[in-house]
Amino acid sequence: MLLECGMQEEGLFRVAPSASKLKKLKAALDCCVVDVQEYSADPHAIAGALKSYLRELPEPLMTFELYDEWIQASNIQEQDKKLQALWNACEKLPKANHNNIRYLIKFYPSYQNIKI
């Protein structure tokens with residue numbers, strides 16, 4: 001829904017949804033009974049739920065285990081080598097984390113050029 005309807009929305013991840021709407025959506029998601037039509041007019045609620053999900057993960061999406069590797073890769077000056085190091089770290093992520101990264105990268109304006 002975010003990719004289909006929310007990409008044109010101003011401040012999609014910056015503008016907060018109403019607290020009551022976000023709470024209701026999170027409860028519906030927890031019970032697997034979301035009425036998409038109810039939230040289609042408010043992509044900020046969906047974005048807020050996504051941000052909440054990411055904040056509440058028991059471990060960071062990039063994982064504690066790979067932290068040093070991410071830091072080392074970010075410090076590489078040569079762009080091609082940096083991208084290769086980041087790619088190598090991505091390949092080591094657990095499948096669920098990798099899938100989440102693949103989804104999130106679609107919100108990056110130039111995601112068409114990124115293949116992960």
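Predicted model: local features only at pLDDT ≥ 70, side-chain atom pairs only at ≥ 80, totals over all residues.
Helix α5 spans residues 67–74, and helix α6 spans residues 79–91. The two pack at an angle of about 165 degrees. Angles over 145 degrees count as roughly antiparallel, and α5 and α6 are therefore roughly antiparallel to each other. Their axes lie 8 Å apart. The crossing of α5 past α6 is left-handed. On the α5 side, the contact is made by E69, W70, A73 and S74. On the α6 side, K82, A85, L86, N88, A89 and C90 take part. By class, the residues of this contact divide into 6 nonpolar, 2 polar and 2 charged.

A second pair is formed by α2 and α4. Helix α2 covers residues 19–30, and helix α4 covers residues 43–55. Here the packing angle is about 65 degrees, with the axes 9 Å apart. The crossing of α2 past α4 is right-handed. From α2, the residues in contact are K21, L22, L25, K26 and L29. They meet A45, I46, G48, A49 and S52 of α4. The contact of α2 with α4 has 6 nonpolar residues, along with 2 polar and 2 charged ones.

K23 also belongs to α2. The relative accessible area of K23 is 64%. Residues over 50% count as exposed, so K23 is exposed. K23 and A49 are 26 residues apart in sequence. In space, their C-alpha atoms are 8.5 Å apart. A49 is one of the α4 residues that meet α2.

Note on methods: Residues numbered from 1 in each chain as written. Heavy atoms only, no water. Axes fitted to C-alpha atoms, helices over the stretch in contact; angles between N-to-C directions. Helix = DSSP H or I, 4+ residues; strand = E, 2+ residues; numbered from the N terminus. Parallel < 35°, antiparallel > 145°, perpendicular 65-115°, else oblique. Left-handed = near helix turned anticlockwise from the far one by under 90°. Contact = heavy atoms within 4.5 Å. Nonpolar A, V, L, I, M, F, W, Y, C, P; charged D, E, K, R; others polar. Buried < 20%, exposed > 50% of the residue type's maximum accessible area, 1.4 Å probe, protein only.
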